[in-house]
Amino acid sequence: MTKANNFQRIRELNYLQQAVLAAALVERMLPNYGLFSEATGFGDDAILRSALNLCWEKILLPKSKISLEKQIEKIEPNVPELADFDMFGTYPAIDAATALLGLMHGLIAKDEQEFISISKISQATVARFIEYQLTVEGELADNTAVREHPLMQYEIDVLGELIDFVEQMGRVTAENVKALKQHAIADGQTNIGITL
(Lines give C-alpha, C1' and ligand atoms only; values in the text may rest on other atoms or scores of the structure.)
Protein backbone atom coordinates (compact mmCIF):
# COMPACT_ATOMS: atom_id res chain seq x y z
CA MET A 1 0.00 0.00 0.00
CA THR A 2 1.44 3.37 -0.90
CA LYS A 3 0.86 6.44 1.19
CA ALA A 4 -1.19 8.15 -1.53
CA ASN A 5 -3.45 5.12 -1.66
CA ASN A 6 -4.23 5.33 2.03
CA PHE A 7 -5.26 8.98 1.80
CA GLN A 8 -7.37 8.23 -1.28
CA ARG A 9 -9.03 5.36 0.58
CA ILE A 10 -9.83 7.66 3.52
CA ARG A 11 -11.48 10.14 1.12
CA GLU A 12 -13.70 7.32 -0.18
CA LEU A 13 -15.00 6.44 3.29
CA ASN A 14 -18.28 7.95 4.42
CA TYR A 15 -18.45 10.68 7.06
CA LEU A 16 -18.95 8.36 10.05
CA GLN A 17 -16.24 5.99 8.88
CA GLN A 18 -13.82 8.89 8.53
CA ALA A 19 -14.77 10.12 12.00
CA VAL A 20 -14.13 6.77 13.71
CA LEU A 21 -10.88 6.30 11.79
CA ALA A 22 -9.69 9.75 12.91
CA ALA A 23 -10.65 8.99 16.52
CA ALA A 24 -8.73 5.68 16.34
CA LEU A 25 -5.63 7.53 15.10
CA VAL A 26 -5.94 10.04 17.96
CA GLU A 27 -6.06 7.04 20.36
CA ARG A 28 -2.58 6.09 19.10
CA MET A 29 -1.27 9.65 19.43
CA LEU A 30 -2.73 10.67 22.78
CA PRO A 31 -0.33 8.68 24.99
CA ASN A 32 2.51 10.81 23.54
CA TYR A 33 0.82 13.76 25.25
CA GLY A 34 0.56 11.81 28.52
CA LEU A 35 4.28 10.96 28.43
CA PHE A 36 5.17 14.60 27.75
CA SER A 37 2.89 15.79 30.53
CA GLU A 38 4.43 13.29 32.96
CA ALA A 39 7.96 14.35 32.00
CA THR A 40 7.35 18.11 32.23
CA GLY A 41 4.48 18.50 34.67
CA PHE A 42 2.70 20.59 32.02
CA GLY A 43 -0.89 20.02 31.00
CA ASP A 44 -3.64 17.71 32.16
CA ASP A 45 -3.69 14.43 30.33
CA ALA A 46 -7.08 13.57 31.90
CA ILE A 47 -8.78 16.54 30.18
CA LEU A 48 -7.64 15.31 26.75
CA ARG A 49 -8.54 11.70 27.56
CA SER A 50 -12.00 12.70 28.68
CA ALA A 51 -12.50 14.86 25.56
CA LEU A 52 -11.54 11.95 23.29
CA ASN A 53 -13.99 9.67 25.13
CA LEU A 54 -16.70 12.28 24.55
CA CYS A 55 -15.81 12.39 20.84
CA TRP A 56 -16.38 8.63 20.58
CA GLU A 57 -19.70 9.10 22.37
CA LYS A 58 -20.72 11.94 20.05
CA ILE A 59 -19.90 9.80 16.99
CA LEU A 60 -22.13 7.01 18.32
CA LEU A 61 -24.87 9.31 19.62
CA PRO A 62 -24.82 12.36 17.32
CA LYS A 63 -27.93 13.79 18.97
CA SER A 64 -26.45 13.67 22.48
CA LYS A 65 -26.12 16.94 24.36
CA ILE A 66 -22.33 16.74 24.60
CA SER A 67 -20.80 20.18 24.12
CA LEU A 68 -17.58 19.71 22.20
CA GLU A 69 -17.13 23.50 22.18
CA LYS A 70 -16.75 23.36 25.99
CA GLN A 71 -14.16 20.60 25.60
CA ILE A 72 -12.18 22.69 23.12
CA GLU A 73 -12.08 25.54 25.65
CA LYS A 74 -10.68 23.12 28.25
CA ILE A 75 -8.04 21.70 25.91
CA GLU A 76 -6.63 24.88 24.42
CA PRO A 77 -4.76 25.99 27.59
CA ASN A 78 -3.27 22.46 27.76
CA VAL A 79 -1.53 22.68 24.39
CA PRO A 80 2.18 23.20 25.03
CA GLU A 81 4.07 26.07 23.38
CA LEU A 82 7.12 24.85 21.50
CA ALA A 83 9.24 27.76 22.77
CA ASP A 84 8.58 26.81 26.40
CA PHE A 85 10.14 23.34 26.28
CA ASP A 86 13.54 22.20 25.14
CA MET A 87 12.74 18.58 24.42
CA PHE A 88 11.66 16.57 21.41
CA GLY A 89 8.57 15.22 23.18
CA THR A 90 6.93 18.63 22.83
CA TYR A 91 6.27 17.98 19.12
CA PRO A 92 4.30 14.73 19.51
CA ALA A 93 2.40 16.30 22.44
CA ILE A 94 1.40 19.31 20.33
CA ASP A 95 0.48 17.02 17.41
CA ALA A 96 -1.71 14.85 19.66
CA ALA A 97 -3.54 17.89 21.05
CA THR A 98 -3.88 19.40 17.54
CA ALA A 99 -5.28 16.15 16.17
CA LEU A 100 -7.78 15.93 19.03
CA LEU A 101 -8.89 19.54 18.45
CA GLY A 102 -9.18 18.76 14.72
CA LEU A 103 -11.39 15.76 15.51
CA MET A 104 -13.68 17.97 17.59
CA HIS A 105 -13.82 20.74 15.01
CA GLY A 106 -14.61 18.10 12.38
CA LEU A 107 -17.46 16.71 14.47
CA ILE A 108 -18.86 20.16 15.22
CA ALA A 109 -18.69 21.40 11.61
CA LYS A 110 -19.31 17.97 10.04
CA ASP A 111 -16.12 18.65 8.11
CA GLU A 112 -14.53 15.51 6.67
CA GLN A 113 -11.39 17.45 5.72
CA GLU A 114 -10.54 17.73 9.43
CA PHE A 115 -10.69 13.93 9.73
CA ILE A 116 -8.43 13.41 6.72
CA SER A 117 -5.92 15.89 8.19
CA ILE A 118 -5.55 13.75 11.31
CA SER A 119 -3.92 10.89 9.39
CA LYS A 120 -1.53 13.44 7.89
CA ILE A 121 -0.71 14.88 11.33
CA SER A 122 0.00 11.37 12.62
CA GLN A 123 2.38 10.63 9.75
CA ALA A 124 4.06 14.01 10.17
CA THR A 125 4.69 13.18 13.86
CA VAL A 126 6.32 9.91 12.83
CA ALA A 127 8.38 11.63 10.10
CA ARG A 128 9.63 14.25 12.55
CA PHE A 129 10.52 11.58 15.10
CA ILE A 130 12.50 9.61 12.50
CA GLU A 131 14.32 12.76 11.34
CA TYR A 132 15.17 13.53 14.96
CA GLN A 133 16.47 9.99 15.57
CA LEU A 134 18.54 9.90 12.38
CA THR A 135 20.07 13.30 13.13
CA VAL A 136 20.97 12.22 16.68
CA GLU A 137 22.62 9.12 15.19
CA GLY A 138 24.51 11.34 12.74
CA GLU A 139 22.74 9.89 9.71
CA LEU A 140 21.23 11.71 6.78
CA ALA A 141 17.54 12.40 7.39
CA ASP A 142 16.35 12.92 3.83
CA ASN A 143 12.90 12.05 2.46
CA THR A 144 13.95 8.60 1.28
CA ALA A 145 15.49 7.68 4.64
CA VAL A 146 12.32 8.83 6.39
CA ARG A 147 9.95 7.12 3.96
CA GLU A 148 11.82 3.81 4.04
CA HIS A 149 12.36 3.81 7.80
CA PRO A 150 10.68 0.79 9.49
CA LEU A 151 8.72 3.10 11.79
CA MET A 152 7.21 5.01 8.84
CA GLN A 153 6.47 1.77 7.01
CA TYR A 154 4.76 0.56 10.16
CA GLU A 155 2.71 3.78 10.47
CA ILE A 156 1.55 3.37 6.86
CA ASP A 157 0.71 -0.31 7.47
CA VAL A 158 -1.23 0.47 10.64
CA LEU A 159 -3.18 3.19 8.84
CA GLY A 160 -3.94 0.73 6.03
CA GLU A 161 -5.11 -1.89 8.55
CA LEU A 162 -7.33 0.60 10.36
CA ILE A 163 -8.87 1.65 7.03
CA ASP A 164 -9.48 -2.06 6.22
CA PHE A 165 -11.10 -2.49 9.63
CA VAL A 166 -13.35 0.55 9.15
CA GLU A 167 -14.30 -0.50 5.60
CA GLN A 168 -15.27 -3.96 6.82
CA MET A 169 -17.12 -2.98 9.95
CA GLY A 170 -20.22 -1.77 8.13
CA ARG A 171 -22.51 0.28 10.36
CA VAL A 172 -20.92 2.29 13.14
CA THR A 173 -22.24 0.63 16.31
CA ALA A 174 -21.01 0.67 19.90
CA GLU A 175 -19.66 -2.85 19.44
CA ASN A 176 -17.80 -2.03 16.22
CA VAL A 177 -16.34 1.11 17.74
CA LYS A 178 -15.14 -0.80 20.80
CA ALA A 179 -13.45 -3.35 18.53
CA LEU A 180 -11.87 -0.59 16.42
CA LYS A 181 -10.53 1.16 19.54
CA GLN A 182 -9.00 -2.11 20.76
CA HIS A 183 -7.54 -2.76 17.33
CA ALA A 184 -5.98 0.72 17.23
CA ILE A 185 -4.05 0.18 20.45
CA ALA A 186 -3.56 -3.59 20.25
CA ASP A 187 0.15 -3.28 19.52
CA GLY A 188 0.60 -1.47 22.84
CA GLN A 189 2.53 1.46 21.42
CA THR A 190 2.02 5.03 20.31
CA ASN A 191 2.25 6.09 16.67
CA ILE A 192 5.96 6.87 17.20
CA GLY A 193 6.64 3.39 18.53
CA ILE A 194 6.84 4.19 22.24
CA THR A 195 5.70 1.16 24.22
CA LEU A 196 2.95 1.84 26.70
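Q: Which side chain meets Glu167 in a salt bridge?
A: This is a predicted model. In it, the N to O distance of the pair is 3.0 Å. The partner of Glu167 is Arg9.

Q: How many residues apart in sequence are the parts that Glu167 and Arg9 tie together?
A: Glu167 lies in helix α8. Arg9 lies in helix α1.

Q: Is Glu167 buried or partly exposed?
A: Its relative accessibility is 38%. Buried would need a value under 20%, and exposed a value over 50%. Glu167 therefore counts as partly exposed.

Q: What is the N to O distance in the salt bridge of Asp164 and Arg9?
A: The side chains of Asp164 and Arg9 meet in a salt bridge. Asp164 is in helix α8 (residues 150-168), and Arg9 is in helix α1 (residues 3-12). The two residues are 155 residues apart. Their N to O distance is 2.4 Å.

Q: Why does Arg9 count as buried?
A: The cut-off for buried is under 20% relative accessible area. Asp164 has 31% and is partly exposed. Arg9 falls under the cut-off, because its relative accessibility is 12%.

Q: Which residue forms a salt bridge with Asp95?
A: The structure holds five salt bridges. In the one formed by Asp95, the closest N and O atoms are 3.3 Å apart. Asp95 is in helix α5 (residues 90-109), and its partner is in helix α6 (residues 112-136), 33 residues apart. That partner is Arg128.

Q: Are α2 and α3 roughly parallel or antiparallel to each other?
A: The axes of helix α2 (residues 15-40) and helix α3 (residues 45-60) come within 10 Å. They cross at roughly 170°. Angles over 145 degrees count as roughly antiparallel. The two helices are therefore roughly antiparallel.

Q: How many nonpolar residues are in the contact of α2 with α3?
A: Helix α2 brings residues including Leu16, Val20 and Leu30. Helix α3 brings Leu48, Leu52 and Trp56, among others. The contact also has two polar and three charged residues. The nonpolar count is 12.

Q: Is α2 roughly parallel or antiparallel to α6?
A: The axes of α2 and α6 are 9 Å apart. The helices pack at an angle of about 30°. Angles under 35 degrees count as roughly parallel. That makes α2, relative to α6, roughly parallel.

Q: What is the handedness of the crossing of α2 and α6?
A: Contact residues of α2 include Tyr15, Leu25 and Met29. Those of α6 include Phe115, Ile118 and Thr125. By class, the contact has 10 nonpolar, four polar and one charged residues. The crossing is left-handed.

Q: What is the relative accessible area of Asn6?
A: Asn6 lies in helix α1. Asn6 is buried. Its relative accessible area is 0%.

Conventions. Residues are numbered from 1 along each chain as its sequence is written. This is a predicted model: local features need pLDDT of at least 70, side-chain atom pairs count only at pLDDT 80 or more; totals for chains, interfaces and linings use all residues. Side-chain values use heavy atoms; hydrogens and water are left out. Axes are lines fitted to C-alpha atoms, for helices over the stretch in contact, and angles run from 0 to 180 degrees between N-to-C directions. Helices (H or I, at least four residues) and strands (E, at least two) are DSSP runs, numbered from the N terminus. Angles under 35 degrees count as roughly parallel, over 145 as roughly antiparallel, 65 to 115 as roughly perpendicular and the rest as oblique. Contact means heavy atoms within 4.5 Å. Ala, Val, Leu, Ile, Met, Phe, Trp, Tyr, Cys and Pro count as nonpolar, Asp, Glu, Lys and Arg as charged, and the others, Gly among them, as polar. A salt bridge is a side-chain nitrogen of Lys or Arg within 4 Å of a carboxyl oxygen of Asp or Glu. Buried means under 20% relative accessible area, exposed over 50%, partly exposed in between (1.4 Å probe, protein chains only). A crossing is left-handed if the near helix is turned anticlockwise from the far one by less than a right angle, and right-handed if clockwise.
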